[in-house]
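Hello,

I am passing the structure over to you below. My notes on the ligand site and on one helix pair follow it.

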Amino acid sequence: MSVKLVLLGPPGSGKGTQGALLSKFYGIPQISTGDMLRQAVDEGAELGKRVQDMLTRGQLVPDEVMVSVVEERVSREDCAQGFILDGFPRTTDQARALERVLPGGIDAVVFLHVPREEVIARLAGRLTCRKCSAVFSKRDSSLCPVCGGDLYQRDDDLRSTVEHRLKVYEEHTAPLVGYYRTLDKVLEFDGTGPVEEVARGVESAIARVIA
Ligand code: ADP
Ligand code: ZN
């Protein structure tokens, strides 16, 4: 059995957090394109140099770059039983490219609803682990409770950039919900509840789809 999922929702809606839980639950990799790009920047890789400015400004990286990154990633051995895409696709063209790359397409889209004000508050108070990419609220400790790594505020989590990322999301990514609805693949959730509660809802909805 394989499970191919896409996480959809505005920045700060909990895609990373839910993705990590689903990854553990199904034993399949979580593929965060944002994490992959940030890693490329940290390593000084060619890709990183190319995308660094776009990341800082909260602009989209060109579709052809993202499609080739993801196409290579999902073809690796560890994706044989499926995967969870977090941050891709982000445009309708990326979604179409994904359907071309994957025979049979994806199984389901997990769409997390979180109101704009809540998202802005979450991102402004969010710290990210440099080592394992887990996210925490600023009220928590200064070291990652998961791996002990350093916590830092992503430069694109500053308020001015957050507003821009939300605009980019509304304009380019939100229309994907309609695209996937026509394919009858969308599972919708209220993303404002406690993490574990959202996770239980998501897992039982997916179980019904892949049964
Ligand atoms: P968030 O979901 O919190 O906005 P991500 O970590 O998913 O943040 O992405 C951070 C940045 O990486 C985006 O603002 C964008 O610049 C780039 N990026 C990630 N995935 C994609 C994608 N599929 N297409 C274009 N740009 C992307
Ligand atoms: Zn960590």
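**Ligand site**

Gln 94 has a polar side-chain atom 2.9 Å from a nitrogen atom of ligand 1. Please keep in mind that this is a predicted model. On its own, ligand 1 exposes 550 Å², of which the protein buries 96%.

There are 20 residues around ligand 1, and those that come nearest are Thr 33, Arg 38, Gln 59, Gly 87 and Arg 165. By type, the shell consists of 8 nonpolar, 5 polar and 7 charged residues. Helices α2 (33-42) and α3 (46-57) each contribute at least two residues to this shell. The largest share, 4 residues, is from α2.

**Helix pair α7 and α8**

Helix α7 covers residues 159-173 and helix α8 covers residues 175-182; they pack with their axes 5 Å apart, at an angle of about 30°. Angles under 35 degrees count as roughly parallel, so α7 and α8 are roughly parallel to each other. On the α7 side the contact involves Tyr 169, Glu 170, Glu 171, His 172 and Thr 173, which meet Pro 175, Leu 176 and Val 177 of α8. The residues of this contact comprise 4 nonpolar, 2 polar and 2 charged.

Regards

Definitions and conventions
Residues are numbered from 1 along each chain as its sequence is written. Chains are lettered from A and ligands numbered from 1 in the order in which they are written. This is a predicted model: local features need pLDDT of at least 70, side-chain atom pairs count only at pLDDT 80 or more; totals for chains, interfaces and linings use all residues. Side-chain values use heavy atoms; hydrogens and water are left out. Axes are lines fitted to C-alpha atoms, for helices over the stretch in contact, and angles run from 0 to 180 degrees between N-to-C directions. Angles under 35 degrees count as roughly parallel, over 145 as roughly antiparallel, 65 to 115 as roughly perpendicular and the rest as oblique. Contact means heavy atoms within 4.5 Å. Ala, Val, Leu, Ile, Met, Phe, Trp, Tyr, Cys and Pro count as nonpolar, Asp, Glu, Lys and Arg as charged, and the others, Gly among them, as polar. A residue is near a molecule or strand if one of its heavy atoms lies within 4 Å of it. A polar contact is a pair of N or O atoms within 3.5 Å; within protein, one must be able to donate a hydrogen and the other to accept it, and residues adjacent in sequence count only if both atoms are side-chain atoms. Accessible areas come from the Shrake-Rupley method with a 1.4 Å probe; for residues, only the protein chains shown count as cover.
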